[in-house]
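Hello,

Here is the structure I promised to pass on. My notes on it follow below, so please have it open while you read.

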Amino acid sequence: MINSEKFDYLIVGAGFAGSTLAERLANGLNKKVLVVEKRDHIGGNCFDRYNADGILVKPYGPHIFHTKIKEVWDYLNRFTAFNRYLHRVIANVKGKEYYFPINLNTMEKLTGRTFTPETMRAYFEEKRVRDVEIKNSRDVVVSQVGEEIYELFVKHFTKKQWGIYPEELDASVLQRIPVRYDRDTRYFDDPWQGIPVDGYHKLFENMLSSPNIHLLLRTDYKEIMDDVEFDRLIYTGPIDYYFDYAYGKLPYRSIRFQFETLAMERFQSAAVVNYTLDKEYTRITEFKHFYFQEHPATAVCYEYPCDEGEPYYPIPREANRGIYEKYKAAADKLKNTYFVGRLAEYKYLNMDQAVKHALELFKRL
Ligand SMILES: Cc1cc2nc3c(=O)[nH]c(=O)nc-3n(C[C@H](O)[C@H](O)[C@H](O)COP(=O)(O)OP(=O)(O)OC[C@H]3O[C@@H](n4cnc5c(N)ncnc54)[C@H](O)[C@@H]3O)c2cc1C
């Protein structure tokens with residue numbers, strides 16, 4: 001019975017932020033922790049599970065772990081080993097496949113010319129739009145690589161992803177179009193990357209295995225908050241929900257995921273193929289690439305970005321930042337209550353950043 005116990009910490013959310021803090025407080029400081037999670041599973045958006053056909057899939061889309069932060073890498077390696085998966089993304093443009101980020105191979109296939117790093121730089125120098133005052137994401141891209149690359153790889157893909165064209169998006173969203181002046185086909189150049197060998201779910205199980213941690217699934221924290229005794233609250237849910245939307249709802253972009261199992265061993269040449277020009281979906285993910293799973297069938301997932309649904313991507317606009325700042329000011333005034341993670345900070349965080357923020361908060365506590 002949780003309501004007869006007293007907890008040192010109540011943690012809302014069992015994603016990377018909540019699980020890292022629960023683990024550190026329970027194992028590092030011997031604190032009694034109650035983790036409340038409204039979904040029926042741990043792991044937040046990084047959760048994975050076997051589908052009905054026995055293929056390991058990710059219900060909230062692909063997650064590739066990659067980091068430059070040694071502290072985070074060492075920390076997570078206490079709970080899992082990572083496999084040697086290296087992320088490569090293919091862009092499907094008018095039915096032809098190109099490596100993305102754009103590299104020497106991409107440019108050669110696109111133009112039929114041969115490039116060296118120097119001639120590729122000269123090519124973009126010639127193509128880029130000069131003397132443009134950077135006001136939005138379109139300006140950012142055309143000032144670096146010119147109109148053609150913008151049109152083929154960025155304009156329509158961004159419209160699908162965000163629902164608006166790059167000229168309506170803050171310059172900060174596409175700060176830099178990733179271009180490589182070599183033949184490195186990896187998507188990330190971080191020194192540490194991979195996928196947990198036994199999947200993400202197992203990683204979270206290991207993080208939350210302390211007898212000091214009590215886990216309550218399928219429960220919104222507001223349902224139990226008044227019935228539980230605790231000293232401090234760590235909140236990793238949406239910050240606007242915490243304050244009952246007092247300053248308005250913070251907008252998010254969501255995604256509808258459509259899953260299929262196909263009777264073939266392999267469907268596509270990379271784990272993720274982006275459709276930059278046509279199709280309603282932004283990308284197709286084939287999960288077996290991540291896990292090196294052997295299975296006679298394969299599972300794929302189509303992503304359709306949309307406005308309604310689970311909150312995935314905070315929409316980076318000046319007005320939204322203004323709303324968030326009001327919530328942040330209210331949060332800073334609270335005693336013994338801490339906000340951390342992508343929903344509580346209203347900020348896109350990679351997994352390693354979510355863990356890093358949680359470890360930083362732990363140090364402060
Ligand atoms: C489509 C997509 C792809 C991504 N791909 C990558 C990638 O390849 N690499 C990478 O590094 N990062 C990736 N990310 C980012 C990654 O998902 C986040 O860094 C990570 O999930 C952040 O962890 P978190 O704990 O802050 O949030 P979450 O994982 O969202 O955890 C928050 C938890 O709080 C729970 N919660 C919310 N409200 C309540 C409530 N009222 N009561 C109880 N529980 C509640 C939620 O159910 C959730 O489980 C991706 C994100 C998305 C959306």
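Which residues of α1 meet which residues of α12? From α1 they are F16, A17, T20, L21 and R24, and from α12 they are M351, A354, V355, H357, A358, L359, L361 and F362; contact here means C-beta atoms, placed from the backbone, within 7 Å. By class, this contact holds 10 nonpolar residues, two polar and one charged (nonpolar: Ala, Val, Leu, Ile, Met, Phe, Trp, Tyr, Cys and Pro; charged: Asp, Glu, Lys and Arg; polar: the others, Gly among them).

Before going further, two notes on reading it. This is a predicted model, in which local features need pLDDT of at least 70 and side-chain atom pairs count only at pLDDT 80 or more, while totals for chains, interfaces and linings use all residues. Residue numbers start from 1 along each chain as its sequence is written.

Back to the two helices. Their axes, α1 with α12, come within 8 Å and cross at roughly 35° (axes are lines fitted to C-alpha atoms, for helices over the stretch in contact, with angles from 0 to 180 degrees between N-to-C directions). The crossing of α1 and α12 is right-handed, that is, the near helix is turned clockwise from the far one by less than a right angle. Helices (H or I, at least four residues) and strands (E, at least two) are DSSP runs, numbered from the N terminus.

α1 (16-28) and α12 (351-364) are the elements that give two or more residues to the shell around the ligand. That shell has 33 residues, with G13, G15, G44, G237 and G341 the closest; a residue counts if its C-beta atom, placed from the backbone, lies within 6 Å. The shell divides into 16 nonpolar, 11 polar and six charged residues.

Now the strands. Five of them form an open sheet in the order β9-β2-β1-β10-β16, with parallel pairing (strands pair if DSSP finds at least two bridges between them). At its edges are β9 (213-216) and β16 (337-339), each pairing on one side only. Between β10 (229-235) and β16 there are three bridges, and L233 has T337 as its partner in β16.

Elsewhere, β11 (252-262) and β14 (298-306) are antiparallel, with nine bridges, and S254 stands opposite C306. β13 (283-286) also runs antiparallel to β14, over four bridges, where I284 is partnered by Y302.

Happy browsing!

Key: Contact = placed C-beta atoms within 7 Å.
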